[in-house]
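I opened this notebook to keep a record of what I looked up, one topic at a time.

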Amino acid sequence: MKLSALLSVKAIISIVCGLALLLIPGAFMGLAGVNLDPSGTMMARLVGALLIGIAVMCWTARNADPGVGREAFVLGLFVGDTLGFVVMLLAQLAGLMTAFGWVFVLLWLVLAACLGYFRFIAK
């Protein structure tokens with residue numbers, strides 16, 4: 001897989017999850033058994049807005065010329081997805097989500113691992 005393909009996939013995942021969190025946060029998080037109070041709904045919508053922004057950045061960066069800026073962008077995505085994986089794993093292990101929560105955990109792990117590969121291994 002090329003970095004451009006990974007960024008395209010990440011953009012699609014981010015836009016789908018971002019729109020779901022922005023428009024139907026209770027139903028989307030309900031898939032993993034998470035119930036949102038009004039404050040949680042507001043935070044989920046905020047995360048959704050940020051994911052939509054990330055989707056736009058990934059989509060526009062997918063065909064950018066390789067260089068320091070693109071490497072910094074990929075590093076930022078790697079750090080964010082790695083932290084997202086840790087947060088989701090801890091939530092899953094704490095029993096905050098149903099078995100479907102493992103889908104979210106694995107999604108964050110795969111994205112972080114792929115971004116780490118392109119940032120640190122593939123040159």
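**Entry 1: salt bridges.** I began with the charged pairs and found that the structure, which is a predicted model, holds 2 salt bridges. I looked up Asp-81 and saw that its partner is Lys-10, with the closest N and O atoms 3.0 Å apart. This pair links distant parts of the chain, since Asp-81 sits in helix α4 (residues 68-93) and Lys-10 in helix α1 (residues 3-23), 71 residues apart. I also noted that Asp-81 and Lys-10 are both buried.

I then turned to the other pair, in which the side chains of Glu-71 and Arg-119 meet at 3.9 Å, N to O. Are the two partners buried or exposed? I found Glu-71 to be partly exposed, with a relative accessible area of 38%, whereas Arg-119, at 18% relative accessibility, counts as buried.

Entry 2: I went back to Asp-81 and asked why it counts as buried. Its relative accessibility is 4%, and buried means under 20%, so I filed Asp-81 as buried. With its neighbours within four places in sequence left aside, I listed Lys-10, Trp-108, Leu-111, Ala-112 and Leu-115 as the residues in contact with Asp-81.

**Entry 3: the largest pocket.** I next looked up the open space, and I noted about 870 Å³ in the largest pocket. Of the 33 residues that line it, Leu-21, Val-47, Leu-51, Met-88 and Trp-108 are the closest to its centre. I checked which elements take part in this lining and found that α1, α2, α3, α4 and α5 each supply at least two residues, with α4 giving the most, 9 residues. When I sorted the lining of the largest pocket by class, I counted 25 nonpolar, 6 polar and 2 charged residues.

**Entry 4: the second largest pocket.** I recorded a volume of about 230 Å³ for the second largest pocket. Which residues line the second largest pocket? I wrote down Leu-3, Pro-66, Gly-67, Arg-70, Glu-71, Val-74, Phe-118, Arg-119, Ala-122 and Lys-123, a list that includes Glu-71 and Arg-119, the partners in the salt bridge from my opening entry. The elements that give two or more residues to this lining are α4 and α5, and α4 gives the most, with 3 residues. By class, I divided the lining of the second largest pocket into 5 nonpolar, 1 polar and 4 charged residues.

Methods: Residues are numbered from 1 along each chain as its sequence is written. This is a predicted model: local features need pLDDT of at least 70, side-chain atom pairs count only at pLDDT 80 or more; totals for chains, interfaces and linings use all residues. Side-chain values use heavy atoms; hydrogens and water are left out. A salt bridge is a side-chain nitrogen of Lys or Arg within 4 Å of a carboxyl oxygen of Asp or Glu. Helices (H or I, at least four residues) and strands (E, at least two) are DSSP runs, numbered from the N terminus. Buried means under 20% relative accessible area, exposed over 50%, partly exposed in between (1.4 Å probe, protein chains only). Contact means heavy atoms within 4.5 Å. On a 1 Å grid over the protein atoms alone, a cavity is a set of points where a 1.4 Å probe fits but cannot get out, and a pocket is an open set with protein on both sides within 12 Å along at least five of seven lines; lining residues have an atom within 4 Å of a point. Grid points are joined across faces, edges and corners, and a volume is the space filled by probe spheres set on the points. Ala, Val, Leu, Ile, Met, Phe, Trp, Tyr, Cys and Pro count as nonpolar, Asp, Glu, Lys and Arg as charged, and the others, Gly among them, as polar.
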